[in-house]
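Good morning, colleagues. Please bring up the structure on the screen, and I shall walk through a few of its strands and helices.

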Amino acid sequence: MKTNDDLQNMTDQSRQEDERMQYECEQAFLRRRYEEPDIKEEWGKLTARMDTNRVLPNRRKRILRLTALAGAIAAAILTAVFIPLGGLDTNTDDVKIVCTAEPEQPITISEGENEILTRIEGNKLHTEKKGVIFSEQKADYRKTRETTPKISIVTIPRGHTYQIVLSDGTEVWMNADSRLHFPTKFTGNKREVKLEGEAYFKVAHDAEHPFIIHTDKVQTEVLGTEFNMRAYTHSPAHVTLVNGSVKIKMNEIDREVVLSPGEDIAYADSTFEITRVDTEYCAQWKDGWLYYDNVFLQDILNDLGRWYNLTIQMDNDPSLMQMRLHFVAAKDDSIDSIIENLNAMGYLNVTKNEKTLTVERKK
């Protein structure tokens, strides 16, 4: 005689089998509707659109390695992993605002919150103030003549990236919609900065002066290493270690963990998860790429909103919430090109009205 637990297990297995068959039917339909892409041909189309003058020599090998990702490589080909949740008829009238457009702003570097030192607006900026060299691509503090260290704040608006070289030689690449608080010159026995948003750090080694990065969720301590840190408000915090070693402190739950190269820690809602990742692609954003490997559609849309400075809204549909994409594109692609690629998948309907992008599941 079967128990209630046995019956429940049979019900769960039956539901899982139904979901699996539904998923396989969808994938078979997509394979029938869309031909298998020629990876070499699609990669050629992507690279042909790029201005070869902007591809720096030290990036060429990294870009070529992207070809190893087969189905994820072509910007014209977007592969989705669709996980059905109890059937496809899950539309609601609710709309979720993923990102909100903001007024256009230049890159600014200030001392404190009010005294703006530099606005990065032109393409020919090259100036020097108290030994600090400012250009349209980078601010270099290694030769600062500041006798009394002050806290500087670099603010990177939507649609821009920027590099800061700190007084100790540490290199920091800043992503769009990010801020870094740092001293004009490090003093004392610690090197401390504060990050809001996303940045890639290449920390100068100094065993006697640990480098500490504060965010609203975690604190990261290093001696000398490379890693990507993501700390946007209302999103999980991520630290992805490329080489060296970092110690992550989660004060909210009174925990510390040490990452090894190739590990990523995600922290949100008082919980964390450590996974193995391919660090080759963790910071393609700083090299001019939008790169996502099996990432939720909502997270991709959020980044698109930051880069193209758009308000993005999507149906609050469980099927969309669970959709993951493999997606690669050049950051200088137009938003119209991105929309065309998303719509090419066949089960998304993406439209743009001035500064608002609307994403729905195609009915």
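Predicted model: local features only at pLDDT ≥ 70, side-chain atom pairs only at ≥ 80, totals over all residues.

Strand 22, residues 311-315, and strand 25 run parallel and are joined by 4 bridges. Within this pairing, Met314 stands opposite Val359 of strand 25.

Which strands make up the open sheet, and in what order? There are 4 of them, arranged 2-22-25-24, and their pairing is mixed. Strand 2, residues 95-99, and strand 24 are the edge strands, each pairing on one side only. From one strand to the next, the twist averages 20°.

Let us turn to the helices on this sheet. Helix 4 packs on the sheet and touches strand 2, strand 22, strand 24 and strand 25. The direction of helix 4 makes about 50° with that of strand 2. Helix 6, for its part, lies across strand 24 and strand 25, and runs at about 160° to strand 24.

Which residues of helix 6 are buried? In this helix, which spans residues 335-343, they are Ile335, Ser337, Ile338, Ile339, Asn341 and Leu342. The elements covering them include helix 4 (297-308), strand 23 (324-330), strand 24 (348-353) and strand 25 (356-361).

Finally, I draw your attention to a hairpin. Strand 6 and strand 7 form it, with 2 residues between them. Phe134 has Ala139, in strand 7, as its bridge partner.

Notes
Residues numbered from 1 in each chain as written. Heavy atoms only, no water. Pairing = 2+ DSSP bridges. Buried < 20%, exposed > 50% of the residue type's maximum accessible area, 1.4 Å probe, protein only. Contact = heavy atoms within 4.5 Å. Axes fitted to C-alpha atoms, helices over the stretch in contact; angles between N-to-C directions.
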